[in-house]
Amino acid sequence: MKITLSILSFAYLHGFADSFAGLGMSNSFTATSAMSSMQLQATETLGIVGGGTVGGGIVEILEKNRDLFTKMTGKEINVARLAVRDLGKARDFDTPATTVVSDNFEDILADGSIDTVVEVMGGTSLAKDVVIKSLKSGKNVVTANKALIADCLVEIENTVNEVNANRAEGEKPVEFRYEAAVCGGIPIISSLQGDFVGDEITMCTGIINGCTNYMLTEMDKNGLSYDESLQGASELGYAEADPTLDVGGFDARSKLKILMRLAFGIDVEEDEISCKGIPELTKEDFEYAAMLGGTIKLTGVAKKISDSDVAAFVSPTYLDNSDTLASISGATNAVEIQSKNLVRSTYTGQGAGRYPTANSCINDIIKVARGDINPLPFNSKGPGTLKFVNDFKSKFYIRMRYRDQNGITKDCGNLCEENNIGIYSILQNPIKNRNDACFVVMTDSVKLSQVKKFVAQIEGLDWCKGEVFFMPVLRDEDL
């Protein structure tokens with residue numbers, strides 16, 4: 001038996017979905033029945049779509065560990081085709097001599113010898129065509145593309161189910177693997193697929209964007225401003241030319257949506273998940289956090305708030321310094337799962353980069369090559385009684401900038417009372433400029449909707465300067 005795979009790009013080494021952007025691979029299977037069993041050499045044939053950072057990493061790892069992977073799977077894993085956007089662009093990796101490189105991913109789809117397509121081109125338009133067409137043609141798919149999965153999860157799931165429902169009796173089902181799509185090198189997808197099947201997850205939270213975690217670490221530890229930390233992230237390659245998806249929290253929100261489906265079995269539109277980024281954070285916020293004995297991290301949180309409701313948000317959050325997540329620094333990612341049986345499990349590692357992401361893609365490729373079957377790539381849907389709600393309770397940090405005048409504290413107290421908000425404490429550094437100062441109110445546990453109403457009323461007062469900044473406390477016990 002001969003199995004041929006097409007690898008879309010190196011980015012798929014981490015999750016088979018995120019980084020293989022621009023490659024086109026084909027999958028082929030040939031059987032030489034005349035050969036005796038002694039002569040039979042099984043082959044897994046890959047077509048890779050995307051020849052960038054991740055795609056290159058995948059090729060390098062495959063070539064470096066060829067003999068080991070053959071022993072692990074019983075098959076020789078070959079990259080038959082590589083699809084790239086620009087044939088004239090110099091590559092920083094060597095393409096195997098037997099690999100056909102083209103600028104048309106349709107070549108991979110048309111190649112019947114390709115067993116598995118690795119999509120690491122990124123984006124949600126062309127990449128969607130690659131993934132859906134590959135599945136419909138009976139090819140396995142490995143991808144690192146979180147944006148595509150978050151946007152098209154239901155369609156991908158339906159396609160996998162329809163294709164497998166129509167497979168001939170005894171024919172192996174197609175596989176959809178995407179370990180690299182969330183948190184790069186951290187095996188959080190496979191863990192949620194297999195390690196909590198007899199458990200009940202109650203909360204999923206984490207630092208799931210490396211760029212922003214690097215920036216907030218610099219603001220906290222080195223006193224940098226937001227702009228200074230963003231410049232540093234750009235120089236190190238953590239931030240894109242347009243960093244909006246990272247700093248605005250949208251990248252984290254895409255990952256959180258996928259984690260929510262795996263953890264709770266519910267599908268939520270991304271726009272329904274509350275999302276606040278980090279551009280409004282200032283040095284003063286870290287000074288106040290230090291006064292409280294903690295720090296600030298951009299976190300994605302999804303948690304059961306009742307037997308029937310799940311709430312979720314992406315936002316800067318206050319964490320006590322004793323919290324495990326508070327110690328996660330630089331571009332590192334971490335995901336914490338709270339559950340009834342295992343209580344608390346934390347996964348930490350590199351969330352992006354050439355080799356972390358490619359490594360996850362490789363793991364998926366190996367699983368496919370050795371015949372592992374996962375009939376529920378997104379786990380089963382939860383009970384119909386479980387639903388998403390976009391309101392939740394927490395203690396909150398509320399920072400107000402003001403021009404000094406009499407009655408400010410009274411106004412805050414009256415509006416807190418009107419909105420049934422209990423005040424835990426009030427913080428204020430020495431005033432240097434009475435026309436531009438700030439103070440912080442820490443609340444007792446209240447609903448997000450109450451805080452939003454309070455903030456809108458405060459912003460309407462003449463002493464309030466600009467928008468009021470607020471963020472939840474990650475854990476109520478932190479205060």
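## The sheet around strand S20

In this predicted model, strand S19 and strand S20, the latter covering residues 437-443, pair in the antiparallel sense over four bridges. Within this part of the structure, Ser 425 stands opposite Met 442 in S20. Strand S18 (residues 396-402) is joined to S20 as well, by six bridges and again with the two strands running antiparallel, and here Tyr 397 is the residue that stands opposite Met 442. Strands of a sheet pair through backbone hydrogen bonds, either parallel or antiparallel.

These pairings belong to an open sheet of four strands, whose order is S19-S20-S18-S22 and whose pairing is antiparallel. Strand S19 (423-427) and strand S22 (469-472) stand at the edges with a single partner strand each, so that one side of each has no neighbour in the sheet. From one strand to the next, the twist averages 15°.

## How S20 is enclosed

How many of the residues of S20 are buried? Seven of the seven are, so the strand is largely enclosed by the rest of the structure. In a regular strand the side chains alternate between the two faces of the sheet. In S20, Ala 437, Phe 439, Val 441 and Thr 443 point one way, while Cys 438, Val 440 and Met 442 point the other way, and the residues of both sets are buried.

Helix H14, which spans residues 408-418, has Ile 408, Cys 412, Leu 415 and Cys 416 as its buried residues. Seen down the axis of H14, these residues fall within an arc of 105°, so they line one face of the helix. The face of H14 turned away from that buried side carries the exposed residues Lys 410, Glu 417 and Glu 418. An α-helix has 3.6 residues a turn, so residues three or four places apart point the same way.

In helix H12 (residues 283-291), the buried residues are Asp 285, Phe 286, Tyr 288 and Ala 289. Their arc around the axis is only 160°, which puts them on the same side of H12. Just after H12 comes Gly 293, a residue that takes a positive phi of about 90°.

## The hairpin of S14 and S15

Strand S14 (residues 332-339) and strand S15 (residues 343-350) pair in the antiparallel sense over eight bridges, and a hairpin of three residues joins S14 to S15. One of the bridges can be followed from Val 335, whose partner in S15 is Tyr 347.

Val 343, which is found in strand S15, has a phi near 65°, a positive value in a residue other than glycine. Is Val 343 buried or exposed? With a relative accessible area of 56%, Val 343 is exposed, because the cut-off for that class is over 50%.

## The second largest pocket

The second largest pocket holds about 400 Å³ of space. Of the 21 residues that line this pocket, Phe 196, Asp 199, Leu 262, Ala 263 and Asn 379 are the closest to its centre. The elements that give two or more residues to the lining are helix H7 (188-194) and helix H11 (250-264), and H11 supplies the largest share, with four residues.

By residue type, the lining of the second largest pocket divides into 10 nonpolar, six polar and five charged residues.

Cys 183 is found in the loop between strand S9 (176-177) and H7. Its phi is near 65°, a positive value in a residue other than glycine. Most residues other than glycine have a negative phi. At 1% relative accessibility, Cys 183 counts as buried, because buried means under 20% relative accessible area.

Asp 115 is found in strand S7 (residues 113-119) and is buried, with a relative accessible area of 7%. Asp 115 and Val 154 are 39 residues apart along the chain, and their C-alpha atoms are separated by 23 Å.

Methods:
Residues are numbered from 1 along each chain as its sequence is written. This is a predicted model: local features need pLDDT of at least 70, side-chain atom pairs count only at pLDDT 80 or more; totals for chains, interfaces and linings use all residues. Side-chain values use heavy atoms; hydrogens and water are left out. Buried means under 20% relative accessible area, exposed over 50%, partly exposed in between (1.4 Å probe, protein chains only). The arc is that of the directions from the helix axis to the C-beta atoms. Two strands pair if DSSP finds at least two bridges between them. On a 1 Å grid over the protein atoms alone, a cavity is a set of points where a 1.4 Å probe fits but cannot get out, and a pocket is an open set with protein on both sides within 12 Å along at least five of seven lines; lining residues have an atom within 4 Å of a point. Grid points are joined across faces, edges and corners, and a volume is the space filled by probe spheres set on the points. Ala, Val, Leu, Ile, Met, Phe, Trp, Tyr, Cys and Pro count as nonpolar, Asp, Glu, Lys and Arg as charged, and the others, Gly among them, as polar. Axes are lines fitted to C-alpha atoms, for helices over the stretch in contact, and angles run from 0 to 180 degrees between N-to-C directions.
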